[in-house]
Amino acid sequence: MSTLTEADVTSATAVAELTYREAIAAALDDEMAADPAVVLLGEDVATEGGVFKTNVGLVEKYGPERVRNTPICENTFVGVALGMSLVGLRPVVEIMFSDFLPTAGDAIVNQLPKYRFMSGGQFAVPVTIRSIGGATGRFGTQHSATGESWFMHLPGLRIVTAATPGAAYELLRAAIRDNNPVILYEHKGLYGRKGPVRRGAIGAIGRAAVVRPGRDVTIVATLLMVERSLQAADALAAEGIEAEVIDLRWIRPLDVETVRRSVERTGRLVVAEEQVHAGGWGATLISELTMDGLAWRHPPLAVSLPPDLPIPYSPPLEDAVLPSAATIGAAARTACGR
Amino acid sequence: MATGSVAPDRVGWFRKMVEIRIFEEKVQELFMTGQIQGTTHLCQGQEAVSVGAISAMRPGDVQTNTYRGHGEALALGMDPEVAFAELMGRVTGCSKGLGGSMHLIDVSKGNIGANAIVGAGLPIAVGAAVAFQIRREPRVALTFFGDGAANIGTFHEALNMAAVWRAPVVFILVNNQYGEYSPVRATTPIDDLARRAESYAMPGRIVDGQDVDAVHAATAEAVARARAGDGPTLLEMKTYRYRGHSRSDPARYRPPGELEAWKARDPIDILGRRLADEGLLSPEAQDRIRAETQAAIDAAAARAAAAPYPTLDEAARYVYAD
């Protein structure tokens, strides 16, 4: 199976209003129905639809061999997925909290992205990791990370984020069909959101999405920050500032080109990140654009987590550290000289 | 249906063990003259484990091994020239020269991995085995790893998962007495690592890793058990590496006399004596095999050294698959 063409993307047959979690389940269902090589594994993925109910109905439909509960051992079950992929399966691994990704650190850093390379191209490694992350849930400091930039240094890996039900559906299907290891980051604060899903559509690899056009300032965001950036854009519009909002989607490969086209018009950039800014996609994006000699009308701004504070449990504090529509809007105003 | 249903080619085993020994000695020489760079982890002394276990595999079976994996790669039938080319970083190597000494991989021969991270090959083998199980294919996965790996998490996690899922996998613990520079008992509170199988409800067997017949018999039994759907086995091969951990290690930490005691039970000599006693291969014929193999290995190394290096453009093609 290969990656997609524009024709695939537009081959959607029906649009349904689904929740983000239903969109995940629909993508898994459609891929498992299309290809018997697709299997799902992880902690409690086959029990009661999974901890976040993203796998509802799958074990009943596809059986316990293809929807497998694993012991609690991330490094090994990601390695097991790699082994499955080497002999023709197309495994999807669920990581219950993105904070657990580092326990699979060797598999993610040394195995998945290097396996094809160090064998001189003898293998493809079609492994998808669905990683469930993000704050707002009062889960405390070890269950709230997005982790979306942790592994962006690694050639051989693809990294993608899902901000809406439609994106979650299309990007998960794209990830499963890709012949490379992909980490898809989901946000657990979004599971209840509803939105249009083009059933049958498959997203394009490495393509950001302009989700609101505007001429004055470019706001780039991922995951929950896309929703908050759109809220900020609504407020800004009332003040006469037209913000363009880009859902970055792919962190590796990073779609610098789509952002560049926007910033060449606006001259102003705000990156909205549910992560520490240093060492992440926002910093990389600014670096790439600046090195290319982009003419800034205002220096780029980052709205992000505090650099030296883990995410706190205490509810008012968790709310305070996260970028909000208000703080994103304030940065956009600053960029526009207001 | 067991692998041993065909009479094993023990003369072939002898040839292969001699090939591995001479290959490794040649690698050492090529390092000294700078034709191979970086590091290498040699397996002289462990040839019976590689050959005895690999010969219990059937076509379609797979295995993973480690950075000390030249023996397994050759036992699986890799052409020594291709192996040398890989060690020399040439494009004619099995991994296009991108892998090097620690990654002699050849999927066409069931060699789906040679890993430079201790313990990383075990989950990969379990994954392959589970895939066979899901597809109802009568195939088995083997995984070779050292005594040092018995103390890393993936060993315990992989044995546990394989047992829970009754995966058709054989865990081959190559106990060569040292994890890097440390003797087993300095890092591990028990002598017999096969005992750890009990925690994972699978058979654990101690095998004389210098005796290729014993290695083959134990592995064939474990492979048959796995193929029959009866689940995994842990085999602890008691063996010894004649060289240090890696190229830069002269192994001065070994007590006097230890190396000599193990060499008195050299696996090639043990098999050679047996074949001579049984009238299958005379000492003179054995000498001829050694001489022929030496010549073939020397020629293979020379041919490998004449091959070109890969280009960066070629390397870039192997990062992502289409």
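**Figure 1. Helices and strands of chain A in the predicted model.** Chain A of this predicted model contains 12 helices and 14 strands. Its C-alpha atoms fill a box of roughly 60 × 45 × 40 Å along the principal axes. A compact globule of 338 residues would have a radius of gyration near 20 Å, and the 19 Å of chain A agrees with that. Of the 338 residues in chain A, 59% are buried.

Figure 2. The domain assignment divides chain A into domain 1 (11-199) and domain 2 (209-335). Taken over C-alpha atoms, the centres of these two domains are separated by 26 Å. Where they meet, 23 residues of domain 1 of chain A are in contact with 21 residues of domain 2 of chain A. Which elements give two or more residues to the domain 1 side? They are E6, H7 and E7 of chain A, and E6(A) gives the most, with 4 residues. By class, the residues on this side of domain 1 divide into 10 nonpolar, 10 polar and 3 charged.

**Figure 3. An open sheet in chain A.** Here we follow 7 strands of chain A through an open sheet, in the order E3-E2-E4-E5-E7-E6-E12 and with mixed pairing. Strand E3 (67-69) and strand E12 (250-252) of chain A stand at the edges; each has a single partner strand, so one side of each lacks a neighbour in the sheet. From one strand to the next, the twist averages 20 degrees.

**Figure 4. The E6-E12 end of the sheet.** Strand E6 (residues 158-161) of chain A and E12(A) run antiparallel and are joined by 2 bridges. Look here for A:Ile159, which stands opposite A:Arg252 in E12(A).

**Figure 5. Helix H7 across the strands of chain A.** Helix H7 (residues 165-177) of chain A lies across several strands of that chain: strand E2 (38-42), strand E4 (90-95), strand E5 (128-133), E6 and strand E7 (182-187). Relative to E7(A), the helix runs at about 160 degrees.

**Figure 6. Where chain B touches chain A.** How many residues does each chain bring to the contact? There are 34 residues from chain B and 34 residues from chain A. On the chain B side, helix H5 (121-134) and helix H6 (153-165) each supply at least two residues. The largest share of that side, 9 residues, comes from H5(B). Sorted by class, the side of chain B that touches chain A has 23 nonpolar, 7 polar and 4 charged residues.

Figure 7. Is helix H4 (residues 80-87) of chain B largely enclosed or exposed? In H4(B), 8 of the 8 residues are buried, so the helix is largely enclosed by the rest of the structure. The buried residues include B:Val82, B:Phe84 and B:Leu87, as well as B:Glu81 and B:Glu86. They pack against helix H1 (10-32), helix H3 (70-75) and helix H11 (283-305) of chain B. H4(B) is followed by B:Gly89, with a positive phi near 75 degrees.

Notes. Residues numbered from 1 in each chain as written. Chains lettered and ligands numbered in written order. Predicted model: local features only at pLDDT ≥ 70, side-chain atom pairs only at ≥ 80, totals over all residues. Pairing = 2+ DSSP bridges. Axes fitted to C-alpha atoms, helices over the stretch in contact; angles between N-to-C directions. Contact = placed C-beta atoms within 7 Å. Nonpolar A, V, L, I, M, F, W, Y, C, P; charged D, E, K, R; others polar. Buried ≥ 20, exposed ≤ 12 C-beta atoms within 10 Å, placed from the backbone. Domains from an automatic or database assignment. Rg over C-alpha atoms; globule rule 2.2 N^0.38 Å.
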